[in-house]
Amino acid sequence: MAWWNRKQTEQRAAIENPNVPISAQNIIQAMGWNGTASASGVNVTVDRALGVPAVWAAVNFIAGTIAGLPLHVYKRTSTGREKVKGGLASVLHDAVNDGMSSFEWRKYTLERVLTCGRGLTFIEKNAMGRVINLWPLNPDHVTVKVKNGRKVYEYNDGSQTSTYSAAEIIDLHYMLKADLLSVESPIDKNRDAIGLAIAATNYGSRFFQNGGVPPFVMTGNFQTGAGLKRASDDLESAVKTSSKEGRTALVLPAGQEIKSIGADPDKSQLTELKRFCIEEIARIYSIPPTFLQDLTHGTFSNTEQQDLHFGKHTVKRWAEQIEQELNLKLFGRQNNSQYVEFNLDGLL
């Protein structure tokens with residue numbers, strides 16, 4: 001039996017069960033979340049959002065940067081503090097379990113936070129109460145509830161559900177909702193901005209797939225609807241063939257002509273739009289645009305200042321949240337002897 005099934009388990013109720021209210025915390029997971037339509041008409045999911053280069057860069061940059069920071073355990077002494085070695089220190093600094101390094105665990109957890117809005121880890125302790133392993137959980141399989149006035153986490157592995165107390169779970173989140181249980185996903189919350197970026201990329205791809213020819217209409221002396229359709233199909237096929245074979249000229253029958261409709265990429269400011277989308281995504285993740293490889297307004301001096309901004313206002317915020325969550329869950333509220341801390345000098 002897997003380690004997460006060691007406790008008393010219960011079967012998760014199916015969505016068809018009338019005992020499951022429509023307001024249940026796991027209603028979205030139970031129904032199967034396939035993304036939400038944005039104002040641009042694009043269905044935005046985590047996978048589709050990560051297909052946007054700016055989102056991919058932001059998530060990987062923040063997660064990778066923080067995962068690479070040295071994370072140490074310290075013990076308070078009468079003269080100050082000293083670094084702890086072995087035991088929990090090795091778990092946090094080297095490998096959190098038999099199959100995952102500390103870097104992988106931190107990067108995976110932050111990737112979930114920056115996309116789904118929440119990263120969860122189960123704390124495994126031995127009979128003496130000492131932490132021996134940390135096991136990351138898929139947040140899609142976890143339901144957070146309140147039972148008897150206490151927050152609990154129910155983890156479903158596909159066949160059984162295990163219930164854990166709040167003290168057994170390291171819970172990092174992007175933003176809590178008013179109920180203090182569910183979280184806001186930065187991708188779902190900003191689906192219109194991300195959907196616009198996806199739509200702009202799709203439009204550009206279709207434009208070049210069509211040989212750089214914008215949408216057009218064909219006029220001429222067509223006698224029947226069948227003739228009109230055949231001429232349209234022939235011309236569309238000719239455009240695609242010319243694009244594929246690298247031809248630069250098309251021939252039209254006498255008396256027929258084509259006229260462009262809609263806006264071409266230049267008039268629709270496609271380049272400016274895609275740059276604006278990068279800036280919007282940078283705002284979502286509080287990251288300077290230069291770290292998303294947008295050097296449009298970058299200079300030697302302001303790029304250095306943006307580097308300082310990233311360290312002071314982005315990395316520091318995440319580092320403090322992670323430190324406080326680890327200190328609470330690994331040592332408890334009443335502990336005053338040990339604590340974990342990132343070495344932010346590692347950014348240098």
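Biologist: Happy to go through this predicted model with you. Which elements each supply at least two residues of the lining of the largest cavity?

Modeller: The lining residues are Trp105, Arg106, Thr109, Leu110, Ile170, Leu172, Ile322 and Leu326. The elements that each give at least two residues to the lining are α5 (102-115), β13 (169-173) and α10 (300-331).

Biologist: Nice, and which element gives the largest share of that lining?

Modeller: By class, the lining has 6 nonpolar, 1 polar and 1 charged residues. The largest share is 4 residues, and the element that supplies it is α5.

Biologist: How much space lies in the largest cavity?

Modeller: A search of the whole structure for cavities of 30 Å³ or more finds 1. The space in the largest cavity is about 70 Å³.

Biologist: On to charges. Which residue meets arginine 118 in a salt bridge?

Modeller: Arginine 118 lies in strand β8 (residues 118-125), and its partner sits 53 residues away in strand β13. The N to O distance in this salt bridge is 3.0 Å, and the partner is aspartate 171.

Biologist: Are arginine 118 and aspartate 171 buried or exposed?

Modeller: Buried means under 20% relative accessible area. Arginine 118 has 8% and aspartate 171 has 5%. Because both values fall under that cut-off, arginine 118 and aspartate 171 are buried.

Biologist: How does the pair of lysine 147 and glutamate 154 look: which of the two is buried?

Modeller: Their side chains meet in a salt bridge at 3.0 Å, N to O. Lysine 147, at 34% relative accessible area, is partly exposed.

Biologist: Last one, my friend: how many residues apart are lysine 316 and glutamate 320 in helix α10?

Modeller: The two form a salt bridge, with the closest N and O atoms 2.5 Å apart. Lysine 316 is partly exposed at 38%, and glutamate 320 is partly exposed at 37%. Both lie in α10, about one turn of the helix apart, and the separation is 4 residues.

Terms used: Residues are numbered from 1 along each chain as its sequence is written. This is a predicted model: local features need pLDDT of at least 70, side-chain atom pairs count only at pLDDT 80 or more; totals for chains, interfaces and linings use all residues. Side-chain values use heavy atoms; hydrogens and water are left out. On a 1 Å grid over the protein atoms alone, a cavity is a set of points where a 1.4 Å probe fits but cannot get out, and a pocket is an open set with protein on both sides within 12 Å along at least five of seven lines; lining residues have an atom within 4 Å of a point. Grid points are joined across faces, edges and corners, and a volume is the space filled by probe spheres set on the points. Ala, Val, Leu, Ile, Met, Phe, Trp, Tyr, Cys and Pro count as nonpolar, Asp, Glu, Lys and Arg as charged, and the others, Gly among them, as polar. A salt bridge is a side-chain nitrogen of Lys or Arg within 4 Å of a carboxyl oxygen of Asp or Glu. Buried means under 20% relative accessible area, exposed over 50%, partly exposed in between (1.4 Å probe, protein chains only).
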